[in-house]
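Dear colleague,

I am handing over to you the structure shown below, followed by an account of what was found in it. Please read the account with the structure open beside it.

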Amino acid sequence: ILNEVSAKGQQVLLGAECKAAYVHIDDGLVLGDVRPTHVKQDTEEVNAWMETFADSWQEAGFLVRDRTRVGDIEKYVGYYIQAKPALLRIPPEKAWDLRESLRSLTKRERVCIRTLRSLLGIWIWAALLNRPVLATLSSIFTLFKKKDGQVVSWWPFVAGRWFSCRTWCHS
């Protein structure tokens, strides 16, 4: 399960014989390599593994409503699914919007905490693809807690962390 590997800041490269699963709250995604020379065979294998994965969740008591097959899905919980190399990505237009919004707030002398909080929620969604960057947020949450509902000047350390959020954001 990729969630466990991702939480440790590691990445996984799936080869021809590898399959992986990613679970997000009540959604699951099965990943596998479909080689150009073995499309039919590899597609059937990944779909069979997805069925086994879904069956095991159902047997454990979960309701499995959707079993989408290879090639029938472009996005998963808002992330684009890229085939080669296999990975989940932030949609480019969303990454650009997020980067520009972060940049705009970084330029301001004073910022509204509610606006920061809202934008940070979107950034956290993007950062779930690279969980170690979430560690940069403690000073930002301290600012939120102490200045909730206010328009405030940037704390120097928080401004640096906010800038780090902006520079990490890529598609």
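Along the sequence, the chain follows the pattern α-β-β-α-β-β-β-α-β-α-α-β-α, with six helices and seven strands. Helices (H or I, at least four residues) and strands (E, at least two) are DSSP runs, numbered from the N terminus. The model is a predicted one, in which local features need pLDDT of at least 70 and side-chain atom pairs count only at pLDDT 80 or more, while totals for chains, interfaces and linings use all residues. Residues are numbered from 1 along each chain as its sequence is written, and side-chain values use heavy atoms, with hydrogens and water left out.

Of the 171 residues in the chain, 31% are buried; buried means under 20% relative accessible area, exposed over 50%, and partly exposed in between (1.4 Å probe, protein chains only). Among contacts between residues at least 6 apart in sequence, 51% join residues at least 24 apart, where contact means heavy atoms within 4.5 Å.

The sheet

Three strands form an open, antiparallel sheet in the order 3-4-5. Two strands count as paired if DSSP finds at least two bridges between them. Strands of a sheet pair through backbone hydrogen bonds, either parallel or antiparallel. Strand 3 (75-76) and strand 5 (87-89) are at the edges and have a single partner strand each, so one side of each is left without a neighbour in the sheet.

Strand 3 pairs with strand 4 (residues 79-82) in the antiparallel sense over two bridges. Y76 stands opposite Y79 in strand 4, and K75 stands opposite Y80 in strand 4. The antiparallel pairing of strand 4 and strand 5 runs over three bridges; in strand 5, L87 is the bridge partner of Q82.

Helix 4 and helix 5

The axes of helix 4 (residues 113-127) and helix 5 (residues 138-147) come within 10 Å and cross at roughly 150 degrees. Such axes are lines fitted to C-alpha atoms, for helices over the stretch in contact, and angles run from 0 to 180 degrees between N-to-C directions. The crossing of helix 4 and helix 5 is left-handed, a term used if the near helix is turned anticlockwise from the far one by less than a right angle (right-handed if clockwise). Helix 4 contributes I113, L116, R117, L120 and I124 to the contact, and helix 5 contributes I140, F141, L143, F144 and K147. By class, the contact has eight nonpolar, no polar and two charged residues; Ala, Val, Leu, Ile, Met, Phe, Trp, Tyr, Cys and Pro count as nonpolar, Asp, Glu, Lys and Arg as charged, and the others, Gly among them, as polar.

I140 lies in helix 5 and is buried, with a relative accessible area of 1%. Leaving aside neighbours within four places in sequence, I140 is in contact with L120, V158, R161, W162 and C165. I140 and V158 are 18 residues apart in sequence, and their C-alpha atoms are 5.6 Å apart in space.

Aromatic pairs

Rings of Phe, Tyr and Trp (its six-membered ring) pair if their centres lie within 6.5 Å; planes under 30 degrees apart count as stacked, over 60 as edge-to-face and the rest as tilted. By this rule there are five aromatic pairs. One of them is the tilted pair of F53 and W57, at 5.9 Å centre to centre and 55 degrees between the planes. Both residues, F53 and W57, lie in helix 2 (residues 39-59), four residues apart, about one turn of the helix. F53 counts as buried at 15% relative accessibility, and W57 as partly exposed at 27%.

In helix 5, F141 and F144 lie three residues apart, about one turn of the helix. F141 and F144 form an edge-to-face pair, 6.0 Å centre to centre with 85 degrees between the planes. F144 is buried at 3%, whereas F141 is partly exposed at 40% relative accessibility. One aromatic cluster is formed by W49, F53, W57 and F62.

V46 has its place in helix 2 and is buried, with a relative accessible area of 4%. Apart from neighbours within four places in sequence, V46 is in contact with K19, V30, G32, D33 and V70. V46 and G32 are 14 residues apart along the chain, and their C-alpha atoms are separated by 5.8 Å.

With kind regards
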